[in-house]
Amino acid sequence: MIHCPLCNAEIDVDEEELDEGDSLICEECGANLNVNGVSPLELTPDSDDDDDDDDDDEDGESDDYDEDDEDDDEDDEEEI
C-alpha cells in the first residue's frame, strides 16, 4: 500500500508498475509526487509544489493592501 508523504492518504496504484521518475497525484491533497526509488518505494513531493507555497505568501500580503483602501475611503467620507 502506498501512502502520500504529505497527508498520509492511501494512493491506489500497483507498486510493481511504478518506475523511478514516474509521477503521481495524491487524490486527497492534490500533491504532485515523484517516484525517486522503487526498492524500497520512495515518493517525494514535486519541487513545483514548493513554489506554490511561496505564491500563497504573496496572496497574504495583498490583504494588507485592501485594508489601506478601506482607510482611504473613510478619509474621503470625513471630508464631505
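Student: Which pattern does the chain follow, read along the sequence?
Tutor: This is a predicted model, and read along the sequence its chain follows the pattern β-β-β-β-β-α. In other words, there are five strands and one helix in the chain.

Student: Okay, and which strands make up the open sheet?
Tutor: The open sheet has three strands in the order S3-S4-S5, and their pairing is antiparallel. S3 and S5 are the edge strands, each of them pairing on one side only. On average, neighbouring strands of this sheet are turned by 35° against each other, if direction is ignored.

Student: How many bridges join S3 to S4?
Tutor: Three bridges join strand S3, residues 23-25, to strand S4, residues 32-38, and the two strands run antiparallel. Within that pairing, Leu-24 has Leu-33 of S4 as its bridge partner.

Student: And how many for S4 with S5?
Tutor: S4 pairs with strand S5, residues 41-45, over five bridges, again in the antiparallel sense. Here Val-38 has Leu-41 of S5 as its bridge partner.

Student: What about the hairpins, how many residues lie between the strands S3 and S4?
Tutor: The hairpin of S3 and S4 has six residues between the strands, and in that hairpin Gly-30 takes a positive phi near 80°.

Student: Switching topic: which residues make up the largest nonpolar core?
Tutor: Eleven residues make up that core, namely Ile-2, Cys-4, Ala-9, Ile-11, Leu-18, Leu-24, Cys-26, Ala-31, Leu-33, Val-35 and Leu-43. The bridge partners Leu-24 and Leu-33 are both among the core residues. As a general background point, nonpolar side chains in soluble globular proteins tend to be buried together.

Student: Take Cys-26 from that list; what is Cys-26 in contact with?
Tutor: Leaving aside neighbours within four places in sequence, Cys-26 is in contact with Cys-4, Cys-7, Ala-9, Ile-11, Ala-31 and Leu-33.

Student: Now Asn-34, where is its place?
Tutor: Asn-34 has its place in strand S4.

Student: You mentioned Asp-46; where is Asp-46 found?
Tutor: Asp-46 is found in the loop between S5 and helix H1, which covers residues 47-79. Not counting residues up to four places away in sequence, Asp-46 touches Asn-32, Leu-33 and Asn-34.

Student: Does that count as buried or exposed, and why?
Tutor: Asp-46 counts as buried because its relative accessibility is 18%, and buried means under 20%.

Student: Last one, what about the whole chain: how much is buried?
Tutor: Buried residues make up 18% of the 80 residues in the chain. The chain exposes about 6400 Å², of which carbon and sulfur atoms supply 36%. As for contacts in the chain with a separation of 6 or more, residues 24 or more positions apart account for 16% of them.

Definitions and conventions:
Residues numbered from 1 in each chain as written. Predicted model: local features only at pLDDT ≥ 70, side-chain atom pairs only at ≥ 80, totals over all residues. Heavy atoms only, no water. Pairing = 2+ DSSP bridges. Helix = DSSP H or I, 4+ residues; strand = E, 2+ residues; numbered from the N terminus. Core = buried A, V, L, I, M, F, W, Y, C linked by side-chain atoms within 4.5 Å. Buried < 20%, exposed > 50% of the residue type's maximum accessible area, 1.4 Å probe, protein only. Contact = heavy atoms within 4.5 Å. Axes fitted to C-alpha atoms, helices over the stretch in contact; angles between N-to-C directions. Areas by Shrake-Rupley, 256 points an atom, 1.4 Å probe, with all protein chains shown as cover.
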